[in-house]
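Subject: Structure handover

Hello,

Here is the structure I promised to pass on. Please look through it before reading my notes below.

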Amino acid sequence: MAIEQLLAALEHEAAAEQAALLAEAKTEVGRIRARTAARIADQQAAYLGPREREWRDEASAVLTAARRHARGEVLAARQHLLDRVFANARERLPETLSEDRYRTVLPTHLDDALAYVGDGACTVRCPPVIAEIVRGLASSRPSVAVVEDAAALTGPVVESTDGSVTVDNTLEARLERLRPRIALDIVARAAPVP
């Protein structure tokens, strides 16, 4: 029986040694995996890190360019809108001369223009449709000559006799002087630029 006990003890020792070796091997495999994973992570970081920065920088540049392009498109659309609005307004100006609203403000427009020449001799060029009204308004000033001029389509143009002063107070000129304020109002009503 001693042999059987010896064999059992040897088997038991072999099983224990096998279990210890297996545990040691598993521990070593875990350490190898951890070192390998760390090495792979380091290599990935070393390889991808600079490229990720390049890609981020490139993506940022592309995004900035896209935003700039979009803003340009919006601004171009707004400019096109403003051009259409002002072209439409200019087309309607000649018919405005016959309206009572314009004839109500015409004396002020004429007085504003005449203020630049003071009491000096001058000529007021105006379209035929308002020439009689302008003559009546200027009748108290003998130094003012009124000349019908079809080229002055939308109101009075005052010129000093010596040619040193010209005041274009036509509706078209007034519209152009007000264009920045009107444009700001129109743009304020439009959607904001992204």
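The notes below go from overall shape to core to charged side chains.

This is a predicted model, in which local features need pLDDT of at least 70 and side-chain atom pairs count only at pLDDT 80 or more, while totals for chains, interfaces and linings use all residues. Residues are numbered from 1 along each chain as its sequence is written, and side-chain values use heavy atoms, with hydrogens and water left out.

**Overall shape**

The protein chain has four helices and four strands. Helices (H or I, at least four residues) and strands (E, at least two) are DSSP runs, numbered from the N terminus. Their order along the sequence is α-α-β-α-β-β-β-α.

The radius of gyration of the protein chain is 46 Å, whereas a compact globule of 194 residues would be near 16 Å. That radius is taken over C-alpha atoms, and the globule rule is 2.2 Å times the number of residues to the power 0.38. Along the principal axes, the C-alpha atoms fill a box of roughly 155 × 35 × 20 Å.

Of the 194 residues, 21% count as buried. Buried means under 20% relative accessible area, exposed means over 50%, and partly exposed lies in between (1.4 Å probe, protein chains only). Contact means heavy atoms within 4.5 Å. Among contacts between residues at least 6 apart in sequence, 64% join residues at least 24 apart.

**The core**

The largest nonpolar core has 25 residues. Such a core is a set of buried Ala, Val, Leu, Ile, Met, Phe, Trp, Tyr and Cys residues joined through side-chain atoms within 4.5 Å. Leu114, Val124, Ile130, Val134 and Val158 touch the most other members. Two or more residues come from each of α1 (2–96), α2 (100–114), β1 (122–126), α3 (128–138), β2 (144–148) and α4 (171–189). Helix α2 gives the largest share, five residues.

What is Val158 in contact with, leaving aside its neighbours within four places in sequence? Its partners include Ala113, Leu114, Val117, Cys122, Thr123 and Val124. Val165, Thr166 and Val167 are also among them.

**Salt bridges**

There are ten salt bridges in the structure. A salt bridge is a side-chain nitrogen of Lys or Arg within 4 Å of a carboxyl oxygen of Asp or Glu.

- Arg179 and Asp83 form one at 3.2 Å, N to O. Arg179 is in helix α4 and Asp83 in helix α1, so the pair ties together parts 96 residues apart in sequence. Asp83 is partly exposed, at 35% relative accessible area.
- Arg90 and Glu172 form another, at 3.9 Å, N to O. This pair links helix α1, which holds Arg90, to helix α4, which holds Glu172, 82 residues apart. Arg90 is partly exposed at 29%, and Glu172 is partly exposed at 37%.
- Glu159 and Arg125 meet at 3.3 Å, N to O. Glu159 lies in strand β3 (residues 157–160) and Arg125 in strand β1, so the pair ties together parts 34 residues apart in sequence. Glu159 is partly exposed at 26%, and Arg125 is partly exposed at 24%.

**Charges over rings**

A charge sits over a ring if NZ of Lys or CZ of Arg is within 6 Å of the ring centre and within 35 degrees of the ring normal. The charged end of Arg51 sits over the ring of Tyr47, 4.0 Å from its centre.

Best wishes
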